[in-house]
Amino acid sequence: MQTLQAKNLVQNPVFEVIVLGDSGGIEDGNLSAFLLRSLNSVNYVALDAGTLVNGINQSIKRQAFANLPIHENQKWGLAGTILRDHVKGYLISHAHLDHVNGMLVASPEDSNKNVYALASVNNMMSETYFNGKAWANFSDRGIPPRLNKYHIVDLVQGETVSIAETGLKVTAFSLSHPIESTAFVIENDKDLFVYFGDTGPDSVEKQGKLDVIWTYLADQSKHKKLRGLIIEVSFENERPHNLLFGHLTPNLLMEELHNFASKLDDKAAINQLKVVISHIKYTLESGTNPRHKIKQQLTEANDLNLNIIIPEQGQKLLF
Ligand SMILES: [Zn+2]
Ligand SMILES: [Zn+2]
């Protein structure tokens, strides 16, 4: 009991994360999406947006916004006020539907804001969805008529930019996936948080993209504090490597985190590091419970003494 309490104790938290969607495909209403804010600000940035309005509604039910000072707009209600007034932008890791569905379908009632992504991701959003066919073009880029609600901002790998009205900064890094995916290193003064979109492991993808991020984070850790990360584990260890399609298993995640640990001057920095597991693939197949199995396999493989968190939709987490 004492250990459990010690584990959940957060000393001087800096970041708040609301879990809008905790899983990878295929259950609509609970797809990859998180809200992140600095506790010095009342405004969030969305980390992917597979599920948006349902995620906000579920989080309201679980009192996740109880400490947020909200001036509820009569016309838009509580969920509408949170989406329109407190979510100031989107960081989109890649254009797969399970990461953008919530933003697309909510766009008619959303407020004006920025969408930040690598150029290839933004361009794919324009070609695939914001094209006047799959969906009206709510952005300020691509095929007219453009409704100019979303201002599209191209991020450049390794360049740090401010996220408007959040007090946060972001640096993007490319990830290996069937289409280009992205990791976002988010800064609040001397504190860091990292969100990884879908990614395969370097040992399978052979592009060394995660190694670039681990090297960057190890270097940043010399003068900043890494508060936690969200990273995917889509499949169980039994999944053959030729059928990963750019995703991780528990053992492959640990392989990557061992690479990170090997680069750290201060090995204690990874001890009890909060690692939030996203994108566990939901399945309709009866008799299988990937969440349970993946949790078990991560616990068995956790020889780095990480604080591994399997999040639930509607949960508030502090870092
Ligand atoms: Zn996905
Ligand atoms: Zn994907």
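Hi everyone, let's start at a metal site: the 4 donor atoms around the zinc ion (ligand 2) subtend angles of 89 to 169 degrees, which makes the arrangement irregular. Donors here are N, O and S atoms within 2.8 Å of the metal (3.2 Å for Na, K and Ca), and water is not among the atoms, so sites may look incomplete. Four donors count as tetrahedral if all angles lie between 85 and 135 degrees; four count as square planar and six as octahedral if opposite donors are over 155 degrees apart and all others between 65 and 115; anything else is irregular.

Before going on, a word about the model: it is predicted, local features need pLDDT of at least 70, side-chain atom pairs count only at pLDDT 80 or more, and totals for chains, interfaces and linings use all residues. Residues are numbered from 1 along each chain as its sequence is written, chains are lettered from A and ligands numbered from 1 in the order in which they are written, and side-chain values use heavy atoms, leaving out hydrogens and water.

Which residues hold the zinc ion (ligand 2)? They are His94 (NE2), His96 (ND1), His177 (NE2) and Asp198 (OD), at 2.2 to 2.4 Å. Along the sequence, their spacing reads H-x1-H-x80-H-x20-D. This links distant parts of the chain: histidine 94 sits in the loop between β5 (87-91) and α4 (97-106), and histidine 177 in the loop between β9 (168-175) and β10 (181-188), 83 residues apart. Helices (H or I, at least four residues) and strands (E, at least two) are DSSP runs, numbered from the N terminus. Both histidine 94 and histidine 177 are buried, where buried means under 20% relative accessible area, exposed over 50%, and partly exposed in between (1.4 Å probe, protein chains only).

Now to the partner ion. Aspartate 198 bridges the zinc ion (ligand 1) and the zinc ion (ligand 2), which lie 3.3 Å apart. For the zinc ion (ligand 1), the coordinating residues are Asp98 (OD), His99 (NE2), Asp198 (OD) and His279 (NE2), at 2.1 to 2.3 Å. Aspartate 198 counts as buried because its relative accessibility is 3%, and histidine 279 does so at 0%.

Finally, the sheet. There is an open sheet of 7 strands in the order β8-β9-β10-β11-β12-β13-β15, with mixed pairing; two strands pair if DSSP finds at least two bridges between them. At the edges stand β8 (160-163) and β15 (307-309), each with a single partner strand, so one side of each has no neighbour in the sheet.
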